[in-house]
Amino acid sequence: MDEHEGNGSDGDPGRGPVKSAERTVRILQALAQPPYVLSVAQLQERTGYPRSSLHALLRTLVDLHWIEPPAGPTGGYGIGSQALLTGTAYLDRDPALPFALAAVEAVRDETRCTTHVARLEPAGAGGPGNVVYLATREAPDAHRTHSRVGRFLPAYATALGKALLAERSRAELDALLPGAELPPLTPDTVPDRAALDAELDEVRRRGWAVERGQNLPGTVCVGVRVEYRIPATDALSCSLPADLATDAEVERVAGVLVRAADRLARDLRAAGVR
């Protein structure tokens with residue numbers, strides 16, 4: 001059997017990953033992370049694939065427009081237009097997103113904060129315990145140069161994620177967050193499961209989550225889950241500069257988010273979206 005077409009360890013050809021398909025996905029996942037452009041040597045280092053197999057997969061992905069070839073002798077491969085088209089289809093088919101967009105815009109207008117909606121991904125989807133951003137509306141005075149839409153961030157380092165993790169059982173948290181240590185995004189990222197569990201207890205008591213500089217220094221985020229599914233998969237959040245995030249302002253923003261999440265959940269249930 002060709003090395004690209006190997007199956008799972010149980011020997012059943014109908015079960016387990018197909019190596020060529022798995023390797024293709026891993027290449028795309030590598031290119032979807034910073035710095036977004038990688039040479040063959042860098043891709044081989046990240047994936048561990050044999051160089052001959054890697055070259056064959058890269059040629060196929062270039063031919064199908066999933067990735068773009070190096071622009072010059074010192075350039076690297078990057079994500080192509082077909083990946084954008086496929087990612088957009090995920091958003092276009094989501095029946096909850098039009099309702100969520102209206103809620104995000106209303107919250108942004110009332111709070112004047114950058115507002116997001118994100119979804120908790122299953123274990124193994126883009127990494128353990130990640131949230132993927134589905135929509136963002138920037139604050140009127142925001143100066144961001146890129147959107148978070150389509151990006152994954154660890155749930156433990158975001159207010160969105162903490163709001164959703166707080167509803168999970170111990171067994172569900174263990175599946176989403178294997179291991180006691182949590183890789184840091186910043187010096188303020190919650191360091192381990194014990195510290196995270198303490199934060200989640202506070203989220204359950206208070207009804208909303210907050211994180212200060214845990215995924216982006218100088219930024220405070222407040223998050224609330226949207227309870228139209230059991231357990232909840234989606235959450236709303238607002239981000240604001242740390243120097244403006246007084247206790248009173250955080251409480252005000254949290255109140256707006258709680259009301260918006262409740263309205264959004266009612267609208268989604270009434271529309272039959274599950």
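Strands are taken as DSSP runs of E of at least two residues, and helices as runs of H or I of at least four, both numbered from the N terminus; two strands pair if DSSP finds at least two bridges between them. The model is predicted, so that local features need pLDDT of at least 70 and side-chain atom pairs count only at pLDDT 80 or more, whereas totals for chains, interfaces and linings use all residues. Residues are numbered from 1 along each chain as its sequence is written, and side-chain values use heavy atoms, without hydrogens and water.

An open sheet of 3 strands has the order β1-β3-β2, with antiparallel pairing. Its edge strands, β1 (37-38) and β2 (67-68), each pair on one side only. Helix α1 (residues 19-31) packs on this sheet and touches β1, β2 and β3, contact meaning heavy atoms within 4.5 Å. The direction of α1 makes about 90 degrees with that of β3 (axes are lines fitted to C-alpha atoms, for helices over the stretch in contact; angles run from 0 to 180 degrees between N-to-C directions). Strands β1 and β3 (residues 77-79) run antiparallel and are joined by 2 bridges; Val37 has Gly78 in β3 as its bridge partner.

A pocket is an open set of points on a 1 Å grid over the protein atoms alone, where a 1.4 Å probe fits, with protein on both sides within 12 Å along at least five of seven lines; lining residues have an atom within 4 Å of a point. The second largest pocket is lined by 23 residues, of which Thr114, Ala139, Ser239, Leu240 and Pro241 lie nearest its centre. At least two lining residues come from each of β4 (114-120), β8 (219-226) and β9 (234-241), and β9 gives the largest share, 3 residues.
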